[in-house]
Amino acid sequence: MQVWLLSLLALGAGISVSVQQVLNGNLRSALNSPAWAGLVSYLGGLLTMVVVLVVRREPVPSWNLVRATPWWAWSGGLLGGVFILLMILLLPSLGAATLLALVVAGQMIAGIAMDHFGLFGLTPHPVSVSRLVGIALVIGGVLLIKD
């Protein structure tokens, strides 16, 4: 696919995360529980992935593939649960713009560190001056957007 189409899809993913957090916040208020709101969010995600698997007719991974998978690769769902819960808990206090700006800053800092050290099997991409300037601009954006 062309870079511009991939970039538009990435922007769409970012928009969906923003909308998801506001919807989860509304659900928290309606259900009076951040945990139930998070569970409902994950059930929706589970159903979505089941539909994708059925439509794509993907086979169940073999036991050998499952056993060969590094232990840390299985923790994405756990971290996703922590992320959703924190987003639901922090949204009312911080507001959507500040919360999402802080999340993006955290993602950029983690992304640069993971790239630099080649963590979790990534191909190393050393820290550069332009990446550090980018992080500084993101952090500056957080400071400017904060209420």
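Helices are taken here as DSSP runs of H or I with at least four residues, numbered from the N terminus. The model is predicted, so that local features need pLDDT of at least 70 and side-chain atom pairs count only at pLDDT 80 or more, while totals for chains, interfaces and linings use all residues. Residues are numbered from 1 along each chain as its sequence is written, and side-chain values use heavy atoms, with hydrogens and water left out.

Helix α1 spans residues 3-31 and is followed by Asn32, a residue whose phi is positive, near 60 degrees. The 29 residues of α1 reach 41 Å from the first C-alpha to the last, close to the 42 Å expected at 1.5 Å a residue, where the expected span is 1.5 Å times one less than the number of residues.

Gln21 counts as buried because its relative accessibility is 1%. Leaving aside neighbours within four places in sequence, Gln21 is in contact (heavy atoms within 4.5 Å) with Phe83, Ile84, Met87, Leu91 and Leu100. Leu23, also found in helix α1, is by contrast exposed (over 50%), with a relative accessible area of 51%. The C-alpha atoms of Leu23 and Ser41 are 9.2 Å apart in space, although the two residues are 18 apart in sequence.

Helices α4 and α5 pack at an angle of about 140 degrees, with their axes 8 Å apart, the axes being lines fitted to C-alpha atoms over the stretch in contact and the angles running from 0 to 180 degrees between N-to-C directions. Phe83, Met87, Leu90, Leu91 and Leu94 of α4 make the contact with Ala96, Thr98, Leu99, Leu100, Leu102 and Val103 of α5.

The axes of α5 (residues 96-117) and α6 (residues 129-145) come within 9 Å and cross at roughly 165 degrees. That makes α5 roughly antiparallel to α6 (over 145 degrees). Among the residues of α5 that meet α6 are Ala97, Ala101, Met108 and Ile112, and those on the α6 side include Arg131, Ile135 and Val142.

Technical notes:
Helix = DSSP H or I, 4+ residues; strand = E, 2+ residues; numbered from the N terminus. Parallel < 35°, antiparallel > 145°, perpendicular 65-115°, else oblique. Buried < 20%, exposed > 50% of the residue type's maximum accessible area, 1.4 Å probe, protein only.
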